[in-house]
Amino acid sequence: MSPHAALRPQPTPLPTPAPAPTPARAPARPTTAAALHSVSAVTAVLLGLVAIGAMIHEPVLIPPLAASAALVHSAPTLPLAQPRGVIVGHLVGAAVGYAVLAAAGSSGWAAAVAAGVTLALNMAARTPHSPAVATAVIIVLQAPAPDRFVPLLFGSTVLLVLTGFAASRVRRGAPRYPAYWW
């Protein structure tokens with residue numbers, strides 16, 4: 001090699017292109033056993049909430065809890081299904097719902113504000129749980145008595161979490177719930 005060859009600029013290698021991202025796809029269809037397990041667990045816990053409500057003459061099953069049960073039992077590894085989001089998320093939704101109800105009264109406008117504030121606070125608190133937004137809306141639109149509603153809501157969310165925990169240990173190979181407690 002000549003002494004001048006070392007002084008010549010060497011060609012720089014071309015960067016390798018990044019692999020193309022894989023397109024997003026719907027999740028795989030669950031096995032029949034997994035689907036039956038999830039549906040049975042959700043139905044059992046919701047029937048339990050209805051039974052509790054019938055015994056105490058107070059509706060315990062509200063639509064957001066049905067959505068929470070579906071998340072806990074059919075998507076137990078998602079952040080939206082974790083105990084922190086389920087329990088604290090609904091309590092944040094209830095607090096916001098009652099605050100907005102007290103400040104602005106019961107209207108669709110106030111319910112929309114309560115939903116937005118609940119979402120923002122749950123995001124800030126790292127307690128993501130979309131059904132909790134509906135809890136705030138229900139409180140603003142239906143104005144349930146807080147001294148009865150909040151304890152029932154808390155107990156119901158704890159029950160949902162505990163049934164999710166138990167159900168994930170019954171079926172071998174099922175994803176363990178929760179992915180994290182807090």
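Before I assign anything to a helix, I note the rule: helices are DSSP runs of H or I with at least four residues, numbered from the N terminus. I also remind myself that this is a predicted model.

Entry 1: How many cavities of 30 Å³ or more does the count come to? I got 1 cavity. The largest cavity holds about 60 Å³ of space.

Next I wrote down what surrounds that space. The lining of the largest cavity consists of Glu58, Pro59, Val60, Ile62, Leu65, Phe149, Leu152, Leu153 and Ser156.

**Entry 2: the open space.** My value for the volume of the largest pocket is about 390 Å³. This pocket is lined by 22 residues, and the closest to its centre are Ser38, His73, Ser74, Ala75 and Pro76. I asked which elements give two or more residues to the lining of the largest pocket. They are α1, α2 and α6. Of the elements, α1 gives the most to this lining, with 5 residues. By class, I list 13 nonpolar, 7 polar and 2 charged residues for the lining of the largest pocket.

**Entry 3: a patch on the surface.** Here I looked up nonpolar side chains on the outside. Ile52, Met55 and Ile56 make a nonpolar surface patch of about 270 Å². Is Met55 buried or exposed? Its relative accessibility is 63%, so I count Met55 as exposed, because the cut-off for exposed is over 50%.

Entry 4: Last, I checked Ala67, which sits in helix α2, residues 63-74. Ala67 has 33% relative accessibility and therefore counts as partly exposed; that class lies between buried, under 20%, and exposed, over 50%. I also looked up a distance from this residue: the C-alpha atoms of Ala67 and Gln142 are 19 Å apart. Along the chain, these two residues are separated by 75 residues.

Key: Residues are numbered from 1 along each chain as its sequence is written. This is a predicted model: local features need pLDDT of at least 70, side-chain atom pairs count only at pLDDT 80 or more; totals for chains, interfaces and linings use all residues. Side-chain values use heavy atoms; hydrogens and water are left out. Patches are made of residues with over 30% relative accessible area and no salt bridge: like charges are joined within 9 Å, nonpolar side chains (Val, Leu, Ile, Met, Phe, Trp, Tyr) within 5 Å. Accessible areas come from the Shrake-Rupley method with a 1.4 Å probe; for residues, only the protein chains shown count as cover. A salt bridge is a side-chain nitrogen of Lys or Arg within 4 Å of a carboxyl oxygen of Asp or Glu. Buried means under 20% relative accessible area, exposed over 50%, partly exposed in between (1.4 Å probe, protein chains only). On a 1 Å grid over the protein atoms alone, a cavity is a set of points where a 1.4 Å probe fits but cannot get out, and a pocket is an open set with protein on both sides within 12 Å along at least five of seven lines; lining residues have an atom within 4 Å of a point. Grid points are joined across faces, edges and corners, and a volume is the space filled by probe spheres set on the points. Ala, Val, Leu, Ile, Met, Phe, Trp, Tyr, Cys and Pro count as nonpolar, Asp, Glu, Lys and Arg as charged, and the others, Gly among them, as polar.
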